[in-house]
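Student: I'm new to this one. Can you walk me through a couple of its residues?

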Amino acid sequence: MVPLAEKDRAVVQLLLDAGTCPRCVLRFCCVGSQLLYRRPLQDLMKDLQEFLKSSREKEDTACLDVADPPCKRIRLEHSREEGADDLNHNGAVPQLPSAGPGNTALESSAGKVCNVCLGILQEFCEADFVKKVCQKVNSADYQFTSFVFSVSLPPQLSVRERAAWLGVKQQMRNLGLPLAKDDIVQLKEAYKWIIHPQLSEELGVPADGKSLFEVSVVFAHPETDEECHFLATACPDCFKPAKNKQSVFTRMAVIKALERIKEEDFLKHFPCPPSSPKNLCDALEIQCNNGAVFVAGRYNKYSRNLPQTPWIIDGERKLESSVEELISEHLMAEFKADSFNFSSSGREDVDVRTLGNGRPFAMELVNPRRVRFTAEEMRRLQQAINDSSDKIQVRDLQLVTRSAIGRMKEGEEEKTKTYSALIWTDKAIQREDIAFLDDIKELRLEQKTPLRVLHRRPLAVRCRLIHTMRCEYIDEHHFRLRLRTQAGTYIKEFVHGDFGRTKPNIGSLLNRTADILELDVESVDVDWPPTLAD
């Protein structure tokens, strides 16, 4: 039997007569037993009918015990006949028919579309629908050890919930009993109570609210706009067209309007309890999504004709490949991801090599089908990347967490970097002309945003430090300069001055025109990701 009290009788009868399914009746009676909601609808309906019948028999017995004055039941029914009005528009309580075996309203409630949940707690809790969801999940070929289930409901369900609540609240008020809206079991919660065990059994893994693998169902209903239209008239500010939205009646907009509309205005425009719908909900989409996987490593770039990311200007590709693409091609294929996001600790120009222990990078793989890789599999993946091109090499390839990537980004501004630059001067130089550069320590620069990047970076003056310099004389017009600098220093501009936008610069220090012919990044001093054993 259902755990209902005598005070629930009027609510049960009211909702069943209005066409509410047994599970929604339990919700509005604030029944919190998960196991009860999982019982078949037909059994729940029998229990509710038995509950109403037993309540009626108790009342009949009480009436028989009193000969004079006439039985209370007669007086109550007489009063109800005289004073009852439909609650649909003025908030009064409708007449409650008896719960006898001939009451077709009660007998058909379990068989028609619920006037509150629009069938969510009926047909979409059945084994056939669960199997349909699981077939979609299994065909998508994801790796997962648990799942979290989410559901998107038609916006007008909030309207129908409000209408049912107002009807029940009025009924309870007439009985002198309070009813808080928060006491009602939420539709999504009840649905998950029912669906979780079935999905778990069918998929063979547990439901877990913290799982990274999400199974979601998007429900829609053809009468959404029609049923929510009165809210747009009452609260027009809540409904504004939005990009990628086919209708202004979104769930959040409807909820916002319901918070604003006065109860009396709601009662004028929407029946309470709500009338039976014309149609059942439609499961518009069944979707799967795996939480992102993060892969990190360090890359070396040996080409002076390879950008870090795709070089595309006005829709035209300038170079055929990039560091990002050479790495992502293999990761995307192995992880079977939908897309990726590439990031690194700084970046080098297309004509700059990255040598030494390489530049730290990370790649977010969005919605990957495969998520579990052993250390040996990651080593093989790294080797595949390295074998595919002589322009780059990858090392220390490993799975990392989202939070760990923050350590890489910190290094962009806080750490030091070491460069090697081949420099040309217009006037002849001797060894002694450049020797003084070796003695300069902690040279402070003021760098305006370089002209070459001004189209993509804001104009600003940035203070940067050249920690140390060491010169290597080559001939009268060439020398090699090795620098250890603050991260974020524009090295090319420090050499040629960028028309005076970087001060001081090598040209001003040597009192002659200087330019840079080649630049290599020799080290990026970020201690991340962890070095792996060969």
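Student: Where is the place of Arg370?

Tutor: This is a predicted model, where local features need pLDDT of at least 70, side-chain atom pairs count only at pLDDT 80 or more, and totals for chains, interfaces and linings use all residues. Residues are numbered from 1 along each chain as its sequence is written, and side-chain values use heavy atoms, with hydrogens and water left out. Helices (H or I, at least four residues) and strands (E, at least two) are DSSP runs, numbered from the N terminus. Arg370 sits in the loop between strand S8 (353–366) and helix H15 (375–388).

Student: Which side chain does the side chain of Arg370 make a polar contact with?

Tutor: Contact means heavy atoms within 4.5 Å, and leaving aside neighbours within four places in sequence, Arg370 has Gln143, Glu334, Phe335 and Glu377 in contact. A polar contact is a pair of N or O atoms within 3.5 Å; within protein, one must be able to donate a hydrogen and the other to accept it, and residues adjacent in sequence count only if both atoms are side-chain atoms. At 2.8 Å, the partner is the side chain of Glu377.

Student: Does Asn505 count as buried or exposed?

Tutor: Look in the loop between strand S14 (502–503) and helix H19 (506–510) for Asn505. Buried means under 20% relative accessible area, exposed over 50%, partly exposed in between (1.4 Å probe, protein chains only). Asn505 has 9% relative accessibility, so that residue counts as buried.

Student: Which backbone nitrogen does the side chain of Asn505 reach at 2.8 Å?

Tutor: That side chain, of Asn505, gets to the backbone nitrogen of Gly507 at 3.0 Å. At 2.8 Å, the backbone nitrogen reached by Asn505 belongs to Ser508.
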